[in-house]
Amino acid sequence: MDNLYLLMIVALAILAIADLVVGVSNDAVNFLNSAIGSKAVSFKTIMIVASIGIACGAIFSSGMMEVARKGIFNPGMFMFSDIMVIFMAVMITDILLLDFFNTLGMPTSTTVSIVFELLGAAVAVALIKIGADSGNFADVVTYINTEKATQIIFGILLSVVVAFSVGALVQYLSRLLLSFNFERKPNWVGALFGGIALTSIMYFILMKGIGGTNYAKQSFDFIGGETIKDFLEHYVFAIVGVNLIIWSALAYVLIAYFKTNIYKIIIIVGTFALALAFAGNDLVNFIGVPIAAWQSYEAWVASGVPATEFAMTILGEKVPTPTILLFIAGMVMVVTLWFSSKAKSVVKTSIDLSSQGETKERFQPNFLSRVLVRGSILTSKYFSVIVPNSLQEKIEKQFEKPVIELVQGKKHELPAFDLVRAAVNLMVAGVLISIATSYKLPLSTTYVTFMVAMGSSLADRAWGSESAVYRVAGVLNVIGGWFFTAISAFIASGVAAYLIYLGGATMIAILLLIAVALLIRNSLSHLKKSKEIKAEDSLNRAESKSVQGVIEESADNIAKVLKRVSKIQENTINGLIKQELPTLKKAKNTVGKLESEIEDLQNNIFYFIKNLDESSVSASTFYIDVIGDLQDIAQSVGFISKVSHKHIHNNHKGLKVNQAKELKEISEKLNHLFGKMREIFDTRSFNKIGAIIEEKKELLIDVSKCAQKQVERTRTTESSPKNTTLYFSILLETEDLIKATMSLLELYATKNKKK
């Protein structure tokens, strides 16, 4: 049995490293969102600053490990054998849950997950013990720290509302003061804003980053024998006042005499502060449980008492965590930050939802998002009636966005939002977390930082009529995911604890194998998805301002579409002939992605036309026609793939030999022509279009002949209505597909003649 518990400690150590990786991937959004979204400094600089913050925070985090020992349950009520079951169940569940959210690219709370996992596993083991002793169900409250658990739940719910509201209010006032032309404001305005922001962030570093560590609990003579933590809490206004004067003066000097962009400094310091606090306080979410398990194991071994009789009262005492373990954990977090692709996808979700400009909307609108947006519009109309027009005009002027001139021929990736909003996000998140810490109120840093970013986006009018319903739906999805985190963490951890209690070592091995398999599967799935996003055949929006530029860019898109359509069409016909459902399903899904990309091109038409030179307006008609033909092509091949998949999925009769032979011949000829067309558009050999058009006319005749043959077969030998309907449907859509590609060729042939 001793060896079993030792193996469990080893397993927990390995799980701790894995949990650090998935945890940092999820929580990176907390401190990277503002800096990356605003492009304040280079990505490399952002990562270096965040890495230093994480390393410092990890080393100072020893004092935050208590929640894993006694914050959720009463350790004296459990034996060593019980505690090991709880800790093992918690770690397995935590890794799988966080990795699930990372794979989806959705930010969730590591604090909430670990709290509810500890609660779920502890409740499950407590119920088992109560049942074994023939006790009362109500006795479970003696095992659980119900007061603390309730405080955490209500604190988190309240922080969501407060963070969103305060973020929106501060951003609105900041924009009224600074406008979007903040760089042209007088020096004193920037100095005042910089002083307030830096004071907030520095107090946050002191209170949340350092105030929660063991170092802050030591008393010092130079502050009257008080501890740093007590001093920070007793002299809040004095500390804030002195800091405000110092930082405002320093900001003015930097702006006036050194021409420094104070907003970039705020963002750099704020990123460091949130990274420091994240590592210093959230590290417990990843390694607190394994360290508590290891310290429990040491105490049990030293006691010589059987595992089922050794009460874990030691977990109620303060036990320092070795600095070397904190250093190793910090290094793992830093390495993960640099190399985790999932961290980037989670950050991207937050940035997309708060983007000031146009972005591809990831979420579909739902009933609740439509109702909320409609209600907001009505409220806005009401206020526009009661607010004087003169005041409205002044407010509107502050929210006028500057026109950014782009250099033609150069690819641009504009910031998701400006430096002011990034600074507000960091400042407000820091203040709220600092206040909660000083009053010992529990909250989730993920929830606070995310909701502040969403509130500032709303106030900054990033959610316009074109995007509001999608953005609100996205925020609702993320919030819904948070509730799902709590519920699923509680249930899954409880079930895991129950299974481990029953199955012992065998069940632990099974659960670990399942966890490893799921982690590998999710990683491969995410890698595959990332490769698809970066695929060379993805379509690009037109950025040119001239007719010739649009012709060139559209030619690239046409070549890519033809390549993908050719593959889809070939897979569909082969899958239909061989009755391979997986092949047909893959073809149908691939069409959906292609249609979505073409729809994005169509949605970009407005911005494309606005960007055109006065002398090149005719390019808009050409571009619209090209997209229209691409849509027709995608719809035709989409219809063929869908009806083919439906036919086989419903177990209808397969194609007859003659039908299969005819469709195969048509498919091969069509793909041969697609290959020639791709070569024309890749090499810009538009003078060869005439010959291709003639070949396509011959192919149309072949399709017509196949249809006539099927008519004859239907009159004489055909006995399957479903089979006949499918065959005619494919032929008719193939005919439409050929005509749509001919239309594209004729467009380019006409343009080539005019040159």
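A helix here is a DSSP run of H or I with at least four residues, and helices are numbered from the N terminus.

**View 1. The whole chain, a predicted model.** The chain holds 25 helices and zero strands. Buried residues make up 52% of its 755 residues. Take the contacts with a separation of 6 or more: residues 24 or more positions apart account for 84% of them. The chain exposes about 34,900 Å². Carbon and sulfur atoms supply 63% of that area.

**View 2. The second largest pocket.** Rolling a probe the size of a water molecule over the atoms shows where empty space is left. This pocket has a volume of about 1,200 Å³. It is lined by 28 residues. Closest to its centre are S376, I377, T379, S380 and L458.

**View 3. Helices around the second largest pocket.** Which helix supplies the largest share of the lining? The answer is α14, with nine residues. Helix α14 spans residues 367-386. At least two lining residues each also come from α6 (146-178), α15 (389-398), α17 (445-459) and α18 (468-533).

**View 4. Residue classes in the lining of the second largest pocket.** The lining has 18 nonpolar residues.

**View 5. Helix α23, residues 657-683.** This helix has 27 residues. From its first C-alpha to its last, α23 reaches 39 Å. That is close to the 39 Å expected at 1.5 Å a residue. R684 follows α23. The phi of R684 is positive, near 60°.

Key. Residues numbered from 1 in each chain as written. Predicted model: local features only at pLDDT ≥ 70, side-chain atom pairs only at ≥ 80, totals over all residues. Heavy atoms only, no water. 1 Å grid on protein atoms, 1.4 Å probe; cavity = no way out; pocket = protein on both sides within 12 Å on 5 of 7 lines; lining within 4 Å. Points joined across faces, edges and corners; volume = space filled by probe spheres on them. Nonpolar A, V, L, I, M, F, W, Y, C, P; charged D, E, K, R; others polar. Expected span 1.5 Å × (residues − 1). Buried < 20%, exposed > 50% of the residue type's maximum accessible area, 1.4 Å probe, protein only. Contact = heavy atoms within 4.5 Å. Areas by Shrake-Rupley, 256 points an atom, 1.4 Å probe, with all protein chains shown as cover.
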